[in-house]
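Please look over the structure below before reading on.

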Amino acid sequence: MMRTIPLAALLFCSFASVAPADAPLEGTKPAQWRVVWMDDPSTKATILWSTAKQGQYHSVQYHVKGDDQEPAEQLARTGQYTGGKTELFYHQVQLTDLEPATAYEIKLISDKNESAAFYFVTAPVLDREFSILHGGDSRSDRETRREVNAMIAKMFAESYENDDPADDILAFAHGGDYIVDGKKMDLWSAWLSDHELTTAPDGRLLPIIPARGNHDHGKPFNEVFGFPESDLNYYGINIGPEVRFVTLNSEISTAGDQANWLAQELERSRPNNRWLLVQYHRPVYPAVKGPGAGLKSWVPLFEEYNIDLACEADGHNIKRTVPIRGGKIDESGVVYIGEGGLGVPQRTPKTDRWFLESPGMADKGNHIFVLTFEKEKLDGKCVLLGGEVRDEFSRPIRATVAAP
Ligand SMILES: [Fe+2]
């Protein structure tokens, strides 16, 4: 058994056995693997995969990477994805009671087929520096999307090749518009196969934190990411004890229940976290289009509770606003970044909008943001496809947030 093999050999084995990206959808061979963070990622993770045929037996085998324990096994919840002509089946396992900051090796089992060995790492509970990725809009340029995903895998892997913990990429927040028509499963299937490309060469899976975009309407979204069937896709998670990351849904009412929830979430989170961020799809300070409804429903709350950064998508451009409070530039205000470039043709931003003027910026180009959470500052950089850094910024820790 693999568990009796020495660690060095195990590492080699794992490395060599990683399935190539674009695993074929054949019979009940596991493909389209992903890990989703939607609830306490220090102890929980949602594992999903797809098969072309329904099959009869689906489970995840998992154990702490490098230990010699018999793997635990958990049966999957299986169903057919809704939407269009493509027949495809999802399998979902929610692992709970995991140890924080721990690597878990997993194998996806569907009938007699088992996947290569992958692993993922749970979020820390001790205070440490780290990074996450944020991007949006991967819907309409598949070739570019695949190039961006390959770049993500490279950045993800390289972040662990040095002794600097601050650059370690723990997760990838996707701000929505995965595909052009969220009701078409053939498009989702292509996205899911492309998502395999974000896997690091050693089999490490990059957890995704999903937000819903205006092209993601329909039932497949919750099936793809493992949300309950009628979930409304707004939620907050802690990544470490000092970073609260809140995902909102700009595609349902931004007022009412969601705004009430947001007020409670921010009131509760702000005093307990050094960094408080939100992501959602439609920009409230857009560089191309008109503002989303969140401008009225959410921005007063962002300002009242002094969030540190808002991550937006949808516009298909690059932007970083000046800090904004009360509709004016104000150093104590909120900075908004975005707006989507994971594989979409780019639009020309309206650089004469007051909130984009220097020290803000706007441009276009497929890109991803790296957000690095340090003790005294939050650093951000916008990395263009190809690796050039187009923008860098830094947000100081808020004076109102007591250092722990
Ligand atoms: Fe959009």
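Helices (H or I, at least four residues) and strands (E, at least two) are DSSP runs, numbered from the N terminus. This is a predicted model, in which local features need pLDDT of at least 70 and side-chain atom pairs count only at pLDDT 80 or more, while totals for chains, interfaces and linings use all residues. Residues are numbered from 1 along each chain as its sequence is written, and side-chain values use heavy atoms, with hydrogens and water left out.

Of its 19 lining residues, Met155, Asp167, Val370, Lys381 and Val383 are the closest to the centre. At least two lining residues come from each of α2 (142-158), β22 (367-373), β23 (377-384) and β24 (389-396).

An automatic or database domain assignment divides the protein chain into domain 1 (2-121) and domain 2 (130-396). The table gathers values for this pair, with contact meaning heavy atoms within 4.5 Å and buried area being the accessible area (1.4 Å probe) that two parts lose on being put together, summed over both.

| Domain 1 and domain 2 | Value |
|---|---|
| Distance between C-alpha centres | 26 Å |
| Area buried between them | about 2,900 Å² |

In domain 1, Trp37, Met38 and Tyr119 lose the most area to domain 2, together 24% of what that side buries.

Key: On a 1 Å grid over the protein atoms alone, a cavity is a set of points where a 1.4 Å probe fits but cannot get out, and a pocket is an open set with protein on both sides within 12 Å along at least five of seven lines; lining residues have an atom within 4 Å of a point.
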